[in-house]
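Please read it alongside the sequence and the model.

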Amino acid sequence: MRRPEKAELLRTALIALALLCASLILLRMLQARAPVPDADPPRTLPSEAIGQGGDESLTLRVFSAGELLTVSAADYLPGVLAGEMPAGFQAEALRAQAVAARSYILWKTAHGCQTHPEADVCDEPSCCKAWCSEEALRGKWGEAYAENMERMRSAVRDTDGWYLCWEGEPIQAVFHASSPGRTEDSGSIWQPLPYLVSVESPETAADVPNYRTETAVGTEAFRETLQRENPSADFSGDPADWIGETLRNESGRVSSVELGGAAFDGQTIRRLFGLRSACFTLERTRDGFLFRVTGFGHGVGMSQYGAEVMARGGSGWREILAHYYPGTTLVNLSG
Ligand SMILES: [Zn+2]
């Protein structure tokens, strides 16, 4: 009786061991097949587990302060990020901005720096990208330099090598500070691009400093400025009658406003009177005219405060970028 029982026990143990091995192998196979690159990285992952490498391998010729420098994207990007987004923003918003900056630099590298053709990018915001030197940042941040700079470096490292593409090409990842409920379609200002279309943006006056601003203009300055821009406009009558019909596009910004019988587009009015955005109302006051403005910037691409609000609500950088640059794909420099 005892011997067969022992043999039975041994067989059971062997079967159990075989099952355990099989399930371990199966688990390994399933883990290997998990679609990691498409998933939003969990926020608890250590930095080095999120990035894939690539920024070190990208060498940029940067024209800065009269000099042509050769730097890796890993060294250059934190200074770009520091020039673009407040250091106190959420880590996921900073990561989204780092990817937008990397994408824009790659787009710019492919299209060339206009003012310094010998460089890939320059540090002039009007031409390529704003960039802050260590010296400038130490002056700006003071004692918070080390902490803030580490936040910038982390955002770059955590998204190492990732950039946005449309049909295999880096995108023109433009951005702005804040939008009045919707971002602007690039076709309203520049040329239309399929990934720079108007989308909803969640920020409100509660999230953004100076979200609503006012710009007052005296009657004579108002008339002179508009007359210079369009000599055919007629400001001979009562100033109370100068304002005509205002047309808005789907983003809520002014596409056209009739002043002195002539049509001015919203972007022109924004430029002429230094308004923070083209989302404005205009009214006659006792001694002039008053613009009430919402949001800040051209409104195209990612809204930085919108990204911040999304990040506070739990969105990861991939989700933020997919929202503001719809239809784009993420690609890594490391291939
Ligand atoms: Zn340039």
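Asn 210 lies in the loop between strand E6 (175–176) and E7, where helices (H or I, at least four residues) and strands (E, at least two) are DSSP runs numbered from the N terminus. This is a predicted model, in which local features need pLDDT of at least 70 and side-chain atom pairs count only at pLDDT 80 or more, while totals for chains, interfaces and linings use all residues. Residues are numbered from 1 along each chain as its sequence is written.

**Positive phi in loops**
- The phi of Asn 210 is near 55 degrees, a positive value in a residue other than glycine.
- Asn 210 is exposed, with 12 other C-beta atoms within 10 Å; by the criterion applied, a residue is buried if 20 or more other C-beta atoms lie within 10 Å of its own, exposed if 12 or fewer, and partly exposed in between, with C-beta atoms placed from the backbone.
- Ala 65, in the loop between E1 and strand E2 (67–72), has a positive phi of about 50 degrees although it is not a glycine, and Ala 65 is likewise exposed, with 8 other C-beta atoms within 10 Å.
- Most residues other than glycine have a negative phi.

**The three-stranded sheet**
- An open sheet has the strand order E7-E12-E11 with antiparallel pairing, two strands being paired if DSSP finds at least two bridges between them.
- Strand E7 (212–218) and strand E11 (280–285) stand at the edges with a single partner strand each, so one side of each is left without a neighbour in the sheet.
- The twist averages 20 degrees from one strand to the next, with axes fitted as lines to C-alpha atoms (for helices over the stretch in contact) and angles running from 0 to 180 degrees between N-to-C directions.
- Seven bridges join E7 to the antiparallel strand E12 (residues 288–294), and Arg 212 stands opposite Thr 294 in E12.
- Helix H7 (residues 219–229) packs on the sheet, touching E7 and E12, and its direction makes about 90 degrees with that of E7.

**Nonpolar cores**
- The largest nonpolar core has 57 residues, and those with the most contacts inside it are Leu 81, Ala 96, Val 99 and Ile 320; such a core is a set of buried Ala, Val, Leu, Ile, Met, Phe, Trp, Tyr and Cys residues joined through C-beta atoms within 7 Å.
- H4 gives the most to this core, with ten residues.
- A second, separate core of 15 residues includes Phe 222, Trp 242, Leu 275 and Cys 279.

Terms used:
Contact = placed C-beta atoms within 7 Å.
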